[in-house]
Amino acid sequence: MHCYQALETAATNIIRRNPAWLNTLPIPKSGAVLSPAEKLIVITRTICNDRPDTIASDLLARQLADIARTDTDAMTLLLAAMSRRLRNRFRTNASDEYHTDGLAFLAILMLDATLERPRVVGRMVNRAHNHVWKAAQREYQRGTVNPVTVDPCAPETLCRWHDQRSNVDDVAEQAVRNADLTNFARQVQQAVADRSVPPSTWINYRNHVLAHELIETGRTSSDRVRAYRAIAVVQPFIDQHLVFHAA
């Protein structure tokens, strides 16, 4: 693949320039004088060979990732070394764009992800592979998403629209909304008491859906999964009692 060849060439040139941080890396020493290409092979083997002992691979990958936050040459060298593992994970007939997307996401992971856990290279390559594969599956199943642009509205139009709106809600609408919300909560709590809805579902819906709508707070991926599962169970009550209101 052209992207890997270009990456290896850039990494070889970096080693040939011999930046100061290169001599601080825990690279296995060799009695013979190595050419830049041979030194790249040594670095690649050290990073990629994390079985059965992962200490040397993790140490070198973490140090390169730490330097890469301030020096792009270190990231180029790290990607060139990790690209062999990534390339082996992809199917043989994958396009150049597929491989390029995998390298790009791998670079993002090495900059942003937590690298304290062991077997850094294997875990990051697996995550990059899964991300690109899922993205390709979504495009295959749903098609390419067409970008939509919104033309800006003239300021005077916004002012007229704002003046036409009433800042005070209708009293009847408030009463109906409050009655529906009260009835919705009562019906769900009755279902929880009857054990037709698990108590944990109502707790997850209240903590990770309602609370998130009222107070903008960050949610972890596990919180979003619990919220999604809770919504699926509570949805019949929403359709029945909040059909004209946002749940």
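In helix α1, Tyr4, Leu7, Ala10, Ala11, Ile14, Ile15 and Arg17 touch α4 through Asp73, Thr76, Leu77, Leu79, Ala80, Ser83, Leu86 and Arg87. Contact here means heavy atoms within 4.5 Å, and helices are DSSP runs of H or I, at least four residues, numbered from the N terminus.

This is a predicted model, with local features needing pLDDT of at least 70 and side-chain atom pairs pLDDT 80 or more, while totals for chains, interfaces and linings use all residues. Residues are numbered from 1 along each chain, and side-chain values use heavy atoms, without hydrogens or water.

Back to the pair. α1 covers residues 2-17 and α4 residues 72-89; their axes are 9 Å apart, at an angle of about 140 degrees. Axes are lines fitted to C-alpha atoms over the stretch in contact, and angles run from 0 to 180 degrees between N-to-C directions.

Next, α10. Its 21 residues, 221-241, should span 30 Å at 1.5 Å a residue, and the end C-alpha atoms are 29 Å apart, which agrees. The expected span is 1.5 Å times one less than the number of residues. There is a bend of about 50 degrees at Val234, with Pro236 following within four residues. That bend is the angle between axes fitted to the seven residues ending there and the seven starting there.

Val234 is also buried, as are Asp223, Ala227, Ala230, Phe237, Ile238 and His241 of α10. Buried is under 20% relative accessible area, exposed over 50%, partly exposed in between, with a 1.4 Å probe and protein chains only. Ala232, also in α10, counts as exposed because its relative accessibility is 55%.

Methods. Helices (H or I, at least four residues) and strands (E, at least two) are DSSP runs, numbered from the N terminus.
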